[in-house]
Amino acid sequence: MNLTFEQESIVHAVFNYPTILVNAFAGTGKTTTCMATIREANKRNLKVLYLVFNKAMSDEAKRKAKDLKVDIRTVHSLAYYELAKRGYFTNRQVSNIKVKDVSLALDIPYRLAFWVLEFFNQFLFSPFDFNQIEDFVSQKVQASLRFRHGYEEVGSELIPLLQKLTKKVKNKELPTPHDFYLKEFVLSDLSSNLSYDLVILDESQDANPLFIELLKKIPAKHRLLVGDKHQRIYQFRNTVDAFRFFDSPIILYLTQTFRFGSNISDLANTVLAFKGERKRIQPASNPKQTSKPHAVISYTNSSLLEYYLISTHRESMAFERDIKEVIKPVLTILSLKEDYIDNSLPLDYSLLNSFRSFSDLQDYIYLILSSDYNSDEEKALTDRELIQAYFLSEKLSLDDALIVLKEYNQNKNKPKQVYLTTAHSSKGLEYDTTTLLPDLAIPEDNLQLFSESLHNHQPISPDIIASINLLYVALTRASLSTSLPQEIQDTLDLMANTFQSKAMWSFLR
């Protein structure tokens, strides 16, 4: 491997300090750095654990590390393997719990069971332990309008019901969800079961507090966390800035991108500077050519669907996700609107169960859009998606949406030139050129609020941080060029002007 000076510095530093945190900007070769570190560990006869978040990442890592000695695991597979050795899964069924399971087990109506399960699933990847369910509920209700709505539905019985549900899973009366056994594993004593010289966590910006606790509890001489904190876009999954969870770590950077030139790095650096990042992406001298010619990138699936509907040459377009997932929010709202629920359709049952009627859905939408909605609250992607899907549903009938679905499937095998994706789904992907849609632009008042909060060292709304990070992710998907609507250009101009203000310069000095 021909490593850059930054990559070589990281490889050497890992074995001289207990914890190294690497902020790797877009396209800067973080996986190459991880593999070089493993290779060096092999030379030193050190035992290495390489943790990733899903099977696709695990398979890719195994392909790249085929000649290396390393234990590559997803976080869940590590927990499963270790718990299985203790006999944890004897007479225990592992699968996600369904609403009907909760309804029968707790003897409560289906609608209440839906909300109990929603809270339960959120609790599992939270930092709270099984004795802190009441604290978890209190925090969740304060932070989220949607979960406050659910709490009002269930009432004071919510906490006892969650405690009862937890007990039934522990006693094997209900299936054990993957996040449940992961939580039990993290909360257990790991010192006598795991022993590694080096633990590496890839994509560390996607870690939630449970993952961080696992990483800290695994006995190891050295830890390496690699990620891009500016690509932390899953706040609605309770992800955290891993850099804040370690005492006095060594923080290093990968800034030399291999993906794009100065035309794109200048755009990305505008976002980084606005966020207060002191480092800058160094452009590639020879931007790479990718296997996919062009992508259209949006914030929401429904915005992407609307772009598809107004486009000519739709036969040459392909959604990166299954179109059933893309069209699901709109189909569900149209089904509610027309009071026709066909179980053979791809419907969002979480959405259906959240509202008793189309009128209830409208009331919720209007509340979100009203001045009564506190901008400091947790405004998850689901709310943004819901609003966009609602307005798109006003332009379509249920039959129209089904025709679109049929047409797309008929064209599925035709050659594709344009790939349609949300910024969330685009992370980790590359294209020669991209077009960004206007819904990725950030309102001026949100930019001002972010800037003032940063300058005054005050908490910043997670929704605003996520929207800025999503723009950064979308801007850095292209290798050759990107096309921006005026709305996004205006966002970037405002960011540049804000950064250049005297107050911001004073803060950064």
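Helices (H or I, at least four residues) and strands (E, at least two) are DSSP runs, numbered from the N terminus. The model is predicted: local features need pLDDT of at least 70, side-chain atom pairs count only at pLDDT 80 or more, and totals for chains, interfaces and linings use all residues. Residues are numbered from 1 along each chain as its sequence is written, and side-chain values use heavy atoms, with hydrogens and water left out.

**View A. His-457 in the loop between helix H20 (444-455) and helix H21 (462-475).** The phi of His-457 is near 55 degrees, a positive value in a residue other than glycine. Most residues other than glycine have a negative phi. His-457 is exposed, with a relative accessible area of 64%; exposed means over 50%, buried under 20% and partly exposed in between (1.4 Å probe, protein chains only).

**View B. His-313 in the loop between helix H13 (301-309) and strand E8 (317-319).** Although His-313 is not a glycine, its phi is positive, at about 60 degrees. His-313 is exposed, and its relative accessible area is 56%.

**View C. Arg-44 in the loop between helix H2 (30-43) and strand E2 (48-52).** Arg-44 is partly exposed, at 41% relative accessibility. The side chains of Arg-44 and Glu-40 are joined by a polar contact of 3.0 Å. A polar contact is a pair of N or O atoms within 3.5 Å; within protein, one must be able to donate a hydrogen and the other to accept it, and residues adjacent in sequence count only if both atoms are side-chain atoms. From C-alpha to C-alpha, Arg-44 and Phe-15 are 9.8 Å apart in space, and they are 29 residues apart in sequence.
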